[in-house]
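I opened my notebook to look up a helix, a pocket and a ligand. Here is what I wrote down as I went.

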Amino acid sequence: MRILVAYATKHGSTTRIAVRIGLALEHEGHTVDVKSVEEIHDLSGYDAFILGSAVYYGHWRREATIFANRHRAELSSHPLWLFSSGPLGTETDEADAADAQLHATPAEFAQLTATLHPRSVHVFFGALDPNDMDFAGRVIRHTPAGKKMLPEGDFIDDNDIVAWAQEISLGLS
Ligand SMILES: Cc1cc2nc3c(=O)[nH]c(=O)nc-3n(C[C@H](O)[C@H](O)[C@H](O)COP(=O)(O)O)c2cc1C
């Protein structure tokens, strides 16, 4: 199968997740392209799609939502999987508990699930490097509560990514 893994990132950790999904699918025998949503213009020739985005303040990156809406016809008429990269720490609900604005599951998943009919959606742990953060992030992390809300570290779970990719591959066989 020819599969496109499309992603949106701000600081690069979602790129790592997308690339890892691509490698795992290639390992299962598929032909895979991994591309940022901003460099994709034509979805023809693919048998299946995986679309993912980083989550900020409970939302997918705008370019990912624009991509999903723009290509709704192609995405919804093929096997599709959605993922997001977000929660930091070790507990999935830590971000939700810490601040009402931060949600591990992006607000867009409900609408995207209703319109695109993905086979499944998955939330992956993300990563945060405090030296690579915009002003808003620095303000949040200025206090101990903010640091707890956005803990520093690389929480990307390779096993979780590979297991999900294997599930996708099984779904395509
Ligand atoms: C200012 C800020 C806000 C964030 N908001 C959320 C959030 O609402 N939910 C969540 O799960 N993760 C949140 N995160 C964590 C990021 O989603 C995580 O660092 C992710 O791996 C970033 O992906 P990227 O490197 O591809 O941009 C936030 C991070 C920052 C710096």
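This is a predicted model: local features need pLDDT of at least 70, side-chain atom pairs count only at pLDDT 80 or more; totals for chains, interfaces and linings use all residues.

**Notebook: helix, pocket, ligand**

Next I checked the length of H1. The helix runs over residues 13-27, and at 1.5 Å a residue its 15 residues should span 21 Å; I found its end C-alpha atoms 21 Å apart, so the two agree.

Which residues of H1 are buried? I listed Ser13, Thr14, Ile17, Ala18, Ile21, Gly22, Ala24 and Leu25. I kept in mind that an α-helix has 3.6 residues a turn, so residues three or four places apart point the same way.

Then I turned to the largest pocket, which holds about 650 Å³ of space. Its lining counts 37 residues, and the closest to the pocket centre are Val55, Tyr56, Leu88, Leu128 and Leu150. I sorted the lining by class and got 16 nonpolar, 13 polar and 8 charged residues. H1 supplies at least two residues of this lining, and so do strands S3 (48-56), S4 (59-60), S7 (127-128) and S8 (153-154), along with helix H6 (135-140).

Last came the ligand. I found 25 residues around it, with Thr9, Ser13, Thr14, Val55 and Tyr56 the closest. Val55 and Tyr56 were also on my list for the pocket centre, and Ser13 and Thr14 on my buried list for H1.

Which backbone atoms lie by a ligand nitrogen? I noted three entries:
- Histidine 103 has a polar backbone atom 2.9 Å from a ligand nitrogen.
- Tyrosine 57 has one at 3.0 Å from a ligand nitrogen.
- Glycine 86 has a backbone N or O atom 3.4 Å from a ligand nitrogen.

Conventions
Residues are numbered from 1 along each chain as its sequence is written. Side-chain values use heavy atoms; hydrogens and water are left out. Helices (H or I, at least four residues) and strands (E, at least two) are DSSP runs, numbered from the N terminus. The expected span of a helix is 1.5 Å times one less than its number of residues. Buried means under 20% relative accessible area, exposed over 50%, partly exposed in between (1.4 Å probe, protein chains only). On a 1 Å grid over the protein atoms alone, a cavity is a set of points where a 1.4 Å probe fits but cannot get out, and a pocket is an open set with protein on both sides within 12 Å along at least five of seven lines; lining residues have an atom within 4 Å of a point. Grid points are joined across faces, edges and corners, and a volume is the space filled by probe spheres set on the points. Ala, Val, Leu, Ile, Met, Phe, Trp, Tyr, Cys and Pro count as nonpolar, Asp, Glu, Lys and Arg as charged, and the others, Gly among them, as polar. A residue is near a molecule or strand if one of its heavy atoms lies within 4 Å of it. A polar contact is a pair of N or O atoms within 3.5 Å; within protein, one must be able to donate a hydrogen and the other to accept it, and residues adjacent in sequence count only if both atoms are side-chain atoms.
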